[in-house]
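This report describes the arrangement of a sheet and the helices beside it. Please consult the sequence and the structure shown here.

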Amino acid sequence: MDRTKPRLSRRRLLKGAALAAVPWALLPDPKAGAQTATVDYPPAEWQPASTSNYTSSDRPSQYTVDRVIIHVTQETYGDTLAIFRNPDKRVSAHYLVRSADGHIAQCVHETDVAWHAGNWDFNTHSIGIEHEGWVDRPAYFTDALYEQSAKLTAAVCAKYGIPKDREHILGHYQVPGTDHSDPGPEWDWVRYIRLVNFA
């Protein structure tokens, strides 16, 4: 077996030197085309709604944020994200909480006005949080969903100075003019408000 080292040609050395001199800024970004955005709540994953489904704003400068509105989707997590992405649906929420594990998607930035309450005044002054499930199927309201949602609501309340009580954390059914009943009679408000206050 020949144990002599292979010799590098002058041409090969010059090619290597030229490649080393290329600035990294000129090379393609390996994440090019990937959709990235900063979330307002760090544990959340960015899953943007269509820009046709919310109003760009500069909250809290343009509108104060003084309440949180709790919703139940009446759809699956995946179907809800698809609805928010569909520009013909004209609906969105700031956050969506998955039933099985409490995973949170952010769909609209908190500075913007999500279209979740069906009442412009309430939309402009609130953060909307959707929860995967159906109002008449309490099995969707898992421990993980309650716990992760409560942590999110507590963070929103702390950020905007919102009291952690039922006067400021509302169900969709409490919005004036609504025909919705969510989160429904199976939603455990006592447990939820307790979790928010201890988060």
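## The sheet and its helices

Ile69 lies opposite Gly128 in E7. This is a predicted model, in which local features need pLDDT of at least 70, side-chain atom pairs count only at pLDDT 80 or more, and totals for chains, interfaces and linings use all residues. Residues are numbered from 1 along each chain as its sequence is written, and side-chain values use heavy atoms, with hydrogens and water left out.

Helices (H or I, at least four residues) and strands (E, at least two) are DSSP runs, numbered from the N terminus. Two strands pair if DSSP finds at least two bridges between them. The open sheet has 6 strands in the order E1-E5-E4-E7-E3-E8, with mixed pairing. At its edges are strand E1 (45-46) and strand E8 (169-171), each pairing on one side only.

| Strands | Bridges | Direction |
|---|---|---|
| E3 and E7 | 6 bridges | parallel |
| E3 and E8 | 3 bridges | parallel |
| E4 and E5 | 3 bridges | antiparallel |

Helix H4 (residues 143-160) packs on the sheet and touches strand E3 (67-72), E4, E5, E7 and E8; contact means heavy atoms within 4.5 Å. The direction of H4 makes about 175° with that of E7, where axes are lines fitted to C-alpha atoms, for helices over the stretch in contact, and angles run from 0 to 180 degrees between N-to-C directions.

Because 6 of the 6 residues of E3 are buried, E3 is largely enclosed by the rest of the structure. Buried means under 20% relative accessible area, exposed over 50%, and partly exposed in between (1.4 Å probe, protein chains only). Arg67, Ile69 and His71 are buried on one side of E3, and Val68, Ile70 and Val72 on the other.
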